[in-house]
There are 2 protein chains.
Amino acid sequence: MTDPFVVVGGDAAGLSAASKCKREDPDRDVVVFEKGQWVSYAHCGMPYYVKGEVAGLNDLLSLTPDDVADRGIDLRRGHEVVAVDPDDQTVTVEADDRRFAQPYGDLLVATGAHAVSDPIEGAALDGAFTMHSMDAAAALRAYLTPPDQVDPTEVDGEFVDRARVERYAAMEPPETAAIVGGGYVGVEMAEAFSAYDLDVHLFQRTDRLLPPFGEAVGEAVADELGEHGVTLHLGAEVERIAGDDRVAAVVADGERVPADVAVVGIGVRPNTALVEGTPVELGESGAIATDEYGETSVDGVYAAGDCAEMTHAVTGEPDWVPLGLTANRAGRAVGATVAGDPSLVGDIAGTAVVKAFDVECGRTGVVDHERARDAGFDPASETITAGSRSGYYPGAAPTTVTLTADRETGRLLGGTIVGTDRAAVRIDTVATALDQDATVAEVERLDLAYAPPFSPVWDPVLVAAKVLNGSLEE
Amino acid sequence: MTDPFVVVGGDAAGLSAASKCKREDPDRDVVVFEKGQWVSYAHCGMPYYVKGEVAGLNDLLSLTPDDVADRGIDLRRGHEVVAVDPDDQTVTVEADDRRFAQPYGDLLVATGAHAVSDPIEGAALDGAFTMHSMDAAAALRAYLTPPDQVDPTEVDGEFVDRARVERYAAMEPPETAAIVGGGYVGVEMAEAFSAYDLDVHLFQRTDRLLPPFGEAVGEAVADELGEHGVTLHLGAEVERIAGDDRVAAVVADGERVPADVAVVGIGVRPNTALVEGTPVELGESGAIATDEYGETSVDGVYAAGDCAEMTHAVTGEPDWVPLGLTANRAGRAVGATVAGDPSLVGDIAGTAVVKAFDVECGRTGVVDHERARDAGFDPASETITAGSRSGYYPGAAPTTVTLTADRETGRLLGGTIVGTDRAAVRIDTVATALDQDATVAEVERLDLAYAPPFSPVWDPVLVAAKVLNGSLEE
C-alpha cells in the first residue's frame with residue numbers, strides 16, 4: 001500500500017489538492033496537517049468582514065472541517081509539521097506536546113505566506129493588526145464596534161480566539177485609524193475604517209498607491225480615497241507605531257499622527273521555514289521553486305499556493321505572486337497529478353483586482369517598464385480613457401486603460417484598468433489575450449461585445465489597443 | 001490626381017472608412033453619398049430612445065453632418081447611388097431629380113441592411129413599426145407618449161420626419177402591444193413597451209427566445225420577461241397583423257390577440273441591390289463577398305458593414321453577422337487600406353450582448369451543435385451556474401455559462417452567458433480565447449481576476465471550462 005499523500009497546510013492550495021486527489025483516487029489516504037484551527041477560509045474577504053459587509057466569520061469559510069471529513073480527508077488541526085526528511089519520506093509533526101513521524105508517499109507543502117510587520121516598530125502593540133488571520137479580523141471588528149453593540153459570545157466561528165475578541169470588545173471604539181501600506185490591504189482597510197466614520201490616515205512609502213497597478217490606477221485610487229475623507233501620506237516612511245502598550249500614534253518622517261488603531265499591510269512573505277536546510281530548493285523570489293506540475297527539486301515533494309513560485313505567462317520565468325485563484329488551481333493540479341493524472345499547474349499572469357470605495361481596479365501581466373526590460377522586452381505603453389457604455393446610455397462612466405506591449409514583436413505584455421462601472425472584470429480580456437501571446441494588433445481586432453447598456457462600440461480595451469498599436473507603428 | 005474615394009452609405013462602416021482615409025491621406029478627396037438624411041446614428045440605441053431612457057434623437061448621433069464636414073469629408077445627404085459601373089469606375093447618383101455620374105478611384109459599398117417585414121401581412125399598417133430608422137423610432141415614441149406630454153415641434157433631430165411624429169403624437173397612446181419576433185429587437189422592445197405600462201405580447205416562431213444565444217439564455221430571458229408581465233407566445237406563427245388602416249390585432253395560429261401597436265423584428269437582410277448585376281460577387285449568405293481587406297471580387301471596390309460578409313474567427317469561413325463593432329472596424333480598415341496602409345478588417349466571432357430588463361446575456365462563436373458539425377467540428381457543451389462574486393459578498397448572483405468545444409482538439413468553439421450581475425462583459429473572455437484558438441484546457445488555466453466584490457475564486461467562465469474539460473477527458 002502506498003504511503004499517504006500528506007499535505008502541510010489546510011487552506012486554498014492544500015485543501016484543493018487533498019480534495020482533488022481523494023476524488024480521483026478514493027483509495028489513497030490523504031492526510032492534511034494544519035497548525036492552526038481555521039481551515040479553508042477566504043483571506044480576501046476579511047476586510048469586508050471587518051467593514052461589516054460580510055455578516056459572520058463562518059461566511060468566509062469555503063469548507064468546514066466536517067465538509068473536509070465528508071470528503072474522506074484526514075484533517076488534523078492543531079498539528080504543526082516542523083521538519084521534512086525527504087530521504088526517509090517522513091515529516092515530523094508536533095501536536096499537543098506529542099511529536100511523531102508521519103511517512104508520506106507524496107508530500108505537498110502548502111504553508112502559505114505571512115504578513116510582514118517586523119520592520120515596523122510597535123506593530124505588536126495592542127491595537128495594531130495585520131490582516132492575515134481570522135482571529136485578528138474578529139478582534140478588530142469587535143474593537144471597531146461600540147461595546148453595547150457587540151456580544152463576544154455571539155461572534156460566530158467555532159475556533160475564534162474568544163478571549164481576544166472579548167478584550168477588544170470591551171474597549172472604547174477607536175476614533176482615529178492609521179494604515180501603514182498602500183497596497184490591497186491598505187486600500188481595502190481604508191474603506192472598512194471609513195464605514196465606522198473613523199478619521200483615517202494612510203501612510204505609503206512610495207509616491208503611489210497600489211504600485212503594481214501603475215500610475216493611472218494609483219492616481220484614481222488616491223483621488224477616490226481623498227474624496228471619502230481618507231488623509232493620504234504618500235512618500236512617507238513610517239518610523240514606528242508609538243504607544244505604551246496601546247497604539248497611540250504613528251510617527252512618519254518625524255511627524256506624529258495620533259491613532260487609536262493601526263493596521264500594517266506592507267506585504268507578505270512565503271512560509272518556507274519548513275524546507276530550509278532540506279534539498280527542496282527556493283527560487284530567486286525566496287519562495288519554493290516548482291516545475292510545471294508543482295513539483296519541487298525533490299521527487300515526490302510538491303509546493304503550491306502562497307509559499308511557491310510558478311511560471312509567469314509573459315516572461316516565462318519563475319515568479320512569486322501569492323493570490324487566491326492560482327493557489328486553488330495549483331493545489332488542484334497537484335492533487336490530480338498525485339492521483340495519477342499529471343496536470344499542469346498553469347501559468348500566473350499576476351492578474352489582480354481590487355475595490356477602493358466605488359472605484360474598481362484591475363491589472364495583469366507586466367506593466368512596469370523596468371520589469372519588462374529586465375525580461376528582455378522593449379516596452380511601450382499608452383493610456384486612454386473611454387466610456388464604459390454608449391455615451392448616451394445612463395450609467396456610462398469613464399474607464400481608464402493602460403496597455404503595455406513589446407515594440408519589436410507587438411506582443412501584449414500587460415494592462416491595467418480603473419473605473420466605476422464594471423471596470424474590474426474587463427481586465428480578464430487583457431489577461432486572456434496575454435496568456436495566448438496575442439499581439440496588440442490582434443487585440444485591436446478582437447470581436448468584443450457591444451450593446452449600449454454594457455459597452456460602447458469600441459470597448460475601452462479596444463480603444464487602448466488601437467492607440468497603442470498606432471504608436472507602435474510610428 | 002487620383003479620383004476620389006467614394007463611399008456609399010453614411011453610417012458606421014461608411015463614415016469610419018471616410019474618416020480614417022481622410023486622416024491618413026488628407027489630400028485625397030473623399031465623397032460620401034447617403035440616400036437619407038440621417039448619418040452616423042446608433043441603431044442599437046433606438047429601443048432605449050423609445051423607452052425614454054435616452055433623452056433625445058440627437059443623443060444617438062456619433063457625428064453630426066457638421067462634424068463630418070469638419071473632417072474634410074464631402075458628405076452628400078439625400079443622394080442615392082443607383083448604379084455602379086466597375087469598368088468605367090463610376091457610380092450613378094440620383095438627387096433632387098438630378099442624375100449624374102461620379103468617377104471613383106476606390107469605392108466602398110456600405111449600404112447596410114434593412115429590416116425584414118414583408119412576410120408579415122399588415123406590417124405596413126399605421127401603428128406597425130420596424131426598428132430600423134430614426135423616423136420610426138421618433139414616431140413610435142410620440143405614439144407611446146400621452147398627447148399632453150409630447151410637443152412634436154420639440155422632438156429634436158434636425159432631419160426627423162416631423163409630419164409623421166405629429167400624426168402619431170396626436171393619437172391616443174396604445175394600451176396593448178404586439179411584438180413579432182423574439183430576437184434582440186423583440187426582447188429590447190418588450191422592455192421599452194413595459195416602461196409605458198402596456199399589456200405586451202411577444203410572438204416567436206420557434207420555441208425559444210434569442211435563438212443564437214442557446215437554450216440556457218433563452219430560458220432565462222423567457223423567465224425574466226414573464227416576471228415583468230410580458231405574455232410570451234412561443235412556437236407561434238404570426239399569420240398577419242390585422243386592422244383596417246390601423247393595427248387592431250395580431251393573428252397567430254388562428255388566435256386573434258388585440259394590439260394597438262405592433263413591432264416587427266424578424267431579422268434584417270443585407271442591402272445588395274446596388275451591386276446586383278455587376279461583377280461584384282455575393283457570398284452564400286447573400287451579403288457581399290469580401291477578402292481580408294474588405295475588397296470585393298472587383299479590384300478597388302470594397303464592401304463593409306451590414307451589407308458585407310467577413311471571415312468567422314472559429315470556422316474560418318465567410319459569414320454574415322451584421323453588428324456594430326465589426327462594421328466600424330471593417331470600415332476603418334478599408335479607409336486605411338485605401339489611404340495606402342493595407343489593414344486587415346479582422347474576423348468576426350458573432351459576439352453579441354443584449355439586455356432583457358435586469359438580465360444580461362452574451363454569446364460568442366459557434367454554440368449551435370449543428371452549425372459546429374457543418375463546420376467540421378465534433379461539438380461538446382457543458383452548462384454550469386456559478387456565483388458572480390464570492391458567495392458571502394453582497395450582490396452575488398447566479399451566472400450561467402455554456403461553453404462549446406471540439407472533442408477531438410479541445411478547441412473552444414463558442415460560449416453563452418446569462419445573469420444579472422456583470423454577466424454580459426464576461427463574454428469578452430470567451431471571445432478573446434476563441435479568437436486566439438485557445439483550447440478549453442487553456443481556458444481552464446487562465447489567470448482571471450478574483451476579488452470578493454467582483455468574482456468568486458473560480459470565475460463562472462473558469463468553472464464552465466473546468467467542467468467541459470473534465471467531460472472531454474472522459
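Predicted model: local features only at pLDDT ≥ 70, side-chain atom pairs only at ≥ 80, totals over all residues.

**Helix pair.** Helix H1 covers residues 12-24 of chain B and helix H8 covers residues 324-338 of chain B; they pack at about 30 degrees with their axes 7 Å apart. Axes here are lines fitted to C-alpha atoms, for helices over the stretch in contact, and angles run from 0 to 180 degrees between N-to-C directions. Helices (H or I, at least four residues) and strands (E, at least two) are DSSP runs numbered from the N terminus.

I noted a right-handed crossing where H1(B) passes H8(B); right-handed has the near helix turned clockwise from the far one by less than a right angle, left-handed anticlockwise. Among the contact residues are B:Ala13, B:Gly14 and B:Ala17 of H1(B) and B:Ala327, B:Gly331 and B:Gly335 of H8(B). Contact means C-beta atoms, placed from the backbone, within 7 Å.

**Ground rules.** Residues are numbered from 1 along each chain as its sequence is written, and chains are lettered from A and ligands numbered from 1 in the order in which they are written.

**Two copies.** How is chain B superposed on chain A? I found a rotation of 180 degrees with 0.0 Å of shift along its axis, RMSD 0.0 Å. The two copies are therefore related as by a two-fold rotation axis. B:Thr429 comes closest to the axis among the residues of chain B, its C-alpha at 2.5 Å.

I then checked the interface: 56 residues of chain B are in contact with 56 residues of chain A. H10(B) gives the largest share of chain B's side, seven residues.

**Helix H12(A).** I tested its length: 14 residues (460-473) at 1.5 Å a residue should span 20 Å, and the end C-alpha atoms are 20 Å apart, which agrees. The expected span is 1.5 Å times one less than the number of residues. Its buried residues include A:Val461, A:Leu462 and A:Leu468. Buried means 20 or more other C-beta atoms within 10 Å, exposed 12 or fewer, partly exposed in between, with C-beta atoms placed from the backbone. The buried residues pack against strands S23 (379-387) and S24 (398-406) and helices H10 (427-435) and H11 (440-444) of chain A.

Which residues did I find with a positive phi? A:Phe357 has phi near 55 degrees and B:Asp96 near 45 degrees. Most residues other than glycine have a negative phi. A:Phe357 sits between strands S21 and S22 of chain A and is partly exposed, with 16 C-beta neighbours inside 10 Å. B:Asp96 lies between strands S5 and S6 of chain B and is exposed, with 7.

Beyond four places in sequence, its contacts include B:Thr130, B:Ile179 and B:Met189.

How values were computed: Least-squares fit on C-alpha atoms with pLDDT ≥ 70 in both. Contact = placed C-beta atoms within 7 Å.
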